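Please read the following report with the sequence and the model side by side, and look up each part as it is mentioned.

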Amino acid sequence: FVAGVAALLVLLGWAVYTNALTGKFLWDDEVLIVRNEFLRHAWGIPKFFTEDIGIGGGARFAFYRPMQMLVYMLVYRLFGLNVFGYHAASLFFHITGAFLVFLFLWRLLKDRWLAVAAAAFFVVHPVHTEAISYVAGLSDPLSLVFVLAALLFYMKSAEGGALWAAGVSLVFYAAAILSRESIMIFPLLLLVYHAVSRRRIRGVVFALFCAMSAAYMIIRMTALKF
């Protein structure tokens, strides 16, 4: 059943976005990829974690997204400046995110067909058009994959008491927050989850997620200064 759902989402995602795979580099793509010297050399990796996303291309941005830049570097290693690879990466993360939507809702609502319908609706919904068709929009599907993975492992921890799952969730949350700034709301999502599921909050575990959000904000306002 799960494999069938994955195949359905792949087919739907491909059908909707296949025409975007040959799209050109546009606007910020030129700075983030085409002119970005950090993508071409291993010494650029530390720069992803200490600078904003545009400095490698000679521009400045207020965005700190190391994971997005690491994905661009991997795609560059595989495809160079062939834009197909970058669009394919965006589509891959979008479809993966839709599959995780299915797993999340199935686990939360215990209704697999509702979860399938929601995931199918998600993968074809036009609200995602810009994020998926525009290469620089990668942070949206990328952060979604990490944040849903974090939620799934957090749920496993909350339902079964597995502390290791909470640790894995924290790692995925770190990857998510390094993909897009808005993921700082994750502790609020956990509160919503507990309100819906009516499961008891583990104070120490929840505090770790809050501490990571606070540490991120402090680092952004001090050491990174952008």
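In this predicted model, the axes of α5 and helix α6 (residues 112-124) come within 8 Å and cross at roughly 155°, where axes are lines fitted to C-alpha atoms, for helices over the stretch in contact, and angles run from 0 to 180 degrees between N-to-C directions. The two helices α5 and α6 are therefore roughly antiparallel to each other; angles under 35 degrees count as roughly parallel, over 145 as roughly antiparallel, 65 to 115 as roughly perpendicular and the rest as oblique. Helices (H or I, at least four residues) and strands (E, at least two) are DSSP runs, numbered from the N terminus. The crossing of α5 with α6 is right-handed; a crossing is left-handed if the near helix is turned anticlockwise from the far one by less than a right angle, and right-handed if clockwise.

On the side of α5 the contact includes His94, Ile95, Gly97, Ala98 and Val101, and on the side of α6 it includes Arg112, Leu114, Ala115 and Val116, with contact meaning heavy atoms within 4.5 Å. Sorted by class, the residues in the contact of α5 with α6 are 14 nonpolar, two polar and one charged. In this sorting Ala, Val, Leu, Ile, Met, Phe, Trp, Tyr, Cys and Pro count as nonpolar, Asp, Glu, Lys and Arg as charged, and the others, Gly among them, as polar.

Residues are numbered from 1 along each chain as its sequence is written. Local features need pLDDT of at least 70, side-chain atom pairs count only at pLDDT 80 or more, and totals for chains, interfaces and linings use all residues, while side-chain values use heavy atoms, with hydrogens and water left out.

Helix α5 (residues 83-109) also packs against helix α8 (residues 139-160), and their axes come within 8 Å and cross at roughly 25°. These two helices, α5 and α8, are therefore roughly parallel to each other, and their crossing is left-handed. Among the residues that meet are Ser90, Phe93 and His94 in α5 and Pro141, Leu142 and Leu144 in α8. By class, this contact of α5 with α8 has 15 nonpolar, four polar and three charged residues.

Helix α8 has a further partner in helix α4 (residues 66-79), with the axes of α4 and α8 10 Å apart and at an angle of about 110°. As a consequence of that angle, α4 and α8 are roughly perpendicular to each other. Met67, Gln68 and Val71 of α4 and Ser139, Leu142 and Phe146 of α8 make the contact, and by class the contact of α4 with α8 has four nonpolar, two polar and no charged residues.

The next table turns to single residues and their relative accessible area, for which buried means under 20%, exposed over 50% and partly exposed in between (1.4 Å probe, protein chains only).

| Residue | Relative accessible area | Class |
|---|---|---|
| Ser90 | 1% | buried |
| Tyr173 | 0% | buried |
| Phe186 | 0% | buried |
| Trp27 | 69% | exposed |
| Arg198 | 76% | exposed |

Ser90 is found in helix α5 and, leaving aside its neighbours within four places in sequence, is in contact with Ile132, Val135, Leu138 and Pro141. Tyr173 lies in helix α9 (residues 163-177), and not counting residues up to four places away in sequence, Tyr173 touches several residues, including Ala150, Phe186 and Phe209. Phe186 is in helix α10 (residues 186-197), and its C-alpha atom is separated by 7.9 Å from that of Phe209, 23 residues apart along the chain.

Trp27 sits in the loop between α1 (2-17) and α2 (28-34) and has a positive phi of about 45° although it is not a glycine. Arg198 is found in the loop between α10 and α11 (203-224), and Arg198 has a positive phi of about 60°, although it is not a glycine either.

Finally, for the chain as a whole, the secondary structure comes to eleven helices and zero strands. The radius of gyration of the chain, taken over C-alpha atoms, is 18 Å, close to the 17 Å that the globule rule gives for 226 residues, so the chain is as compact as a globular protein of that length; the globule rule is 2.2 Å times the number of residues to the power 0.38. Of the 226 residues, 46% count as buried.
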